[in-house]
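Hello,

I am passing a structure on to you, and I hope you enjoy looking through it. Please have it open while you read my notes.

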Amino acid sequence: MFVYIFGYGFVGLAVWAMSWLVKQEKQRPTQNARKPFTEHLLRPPGESLREKLDEIQDELLGVMMKFLIACVVPIVLMIPMPFVNRRENQWIMMGLLFVGLTPWFVIIWRKTRVILREKARYSLGYSGERAVGEELNQLLADGCRVYHDVVFEEKPGNSFNIDHVVVSPTGVYAIETKARRKPLDIKPKECVVRYDGKTAMLPSGENAHGLEQAAWNSQHLSKWLTSAVGEAVNARPVLTFPGWYVTATGRGEVSVLNPKMIRGLVLPGKYGTPLSESLFKRINHQMEQKSRNLEL
């Protein structure tokens, strides 16, 4: 009995000690000092996905801790095994351990698989938004303003984000990024997203989706900016697929482009009606206030 109490007590104490250490280290930097800056920073590309990846990493760590405990418990329970006189009793104890712990291992196995697949999906989206963000940031040299991961909260606990917003002298553009993996059995030059004005199709014939989301984001952004600046603002929806060729055989409400093609859309030229200098400044003022909500 003493061996059981000691084993469980040791495992419980170890888990508590690790939890306490993590909590203390999170609080330590702000206990005796304050940050050297107070202004909130602009959100970088994919910030919402990065935050989600951090949550997934914490969840995975928790599952791994449970797995560790599940590995330690059988060892602790088997400590008194040599002291059991009858071999039949030893087999009974081992059978009970197997029956009791197998469901636990199965649950942890399935949970880990789900978390890892979710992590891979969010990692792809994060990389896609980073790639598009790097391309869009080059527009700063042309007098544009670029904002990433703009978060809107419709009501407490219910929020959404627009991946990128470009404010150009020609207008405002709400950009939705969709990262899609390329099949290994298709040549790189055949990895083309075909847009007919209504649907964006992958080589497999699957709808790439994102058109409705891009249109909805631009409508919401238009409504919010119009209210914020006191003048009508029409944000244009853009759907982009980083790393994919995009061909358009028709025109629709949404512009479907490769990130490198966005430059030709947003810079002054044959597209759009130029914004007045006053409206350009007011839009950017509101967008900066909206985007500066990142604390370090």
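Predicted model: local features only at pLDDT ≥ 70, side-chain atom pairs only at ≥ 80, totals over all residues.

Residues are numbered from 1 along each chain as its sequence is written, and side-chain values use heavy atoms, with hydrogens and water left out.

The protein has six helices and eight strands; helices (H or I, at least four residues) and strands (E, at least two) are DSSP runs, numbered from the N terminus. Their order from the N terminus is α-α-α-β-β-β-β-β-α-β-β-β-α-α. Of its 296 residues, 35% are buried, where buried means under 20% relative accessible area (1.4 Å probe, protein chains only).

Five of its six residues are buried, so strand 6 is largely enclosed by the rest of the structure. It pairs in the parallel sense with strand 3 (residues 171-177) over six bridges, and also with strand 8 (residues 255-257), parallel again, over three bridges; strands pair if DSSP finds at least two bridges between them. Leu239 of strand 6 stands opposite Glu176 and also opposite Val256 in strand 8.

Elsewhere, an open sheet of three strands has the order 5-4-7, with mixed pairing. Strand 5 (200-201) and strand 7 (245-248) are at its edges with a single partner strand each, so one side of each has no neighbour in the sheet. Strand 4 (residues 192-195) runs antiparallel to strand 5, joined by two bridges, and Tyr195 has Ala200 as its bridge partner in strand 5.

Best wishes

Conventions: Buried < 20%, exposed > 50% of the residue type's maximum accessible area, 1.4 Å probe, protein only.
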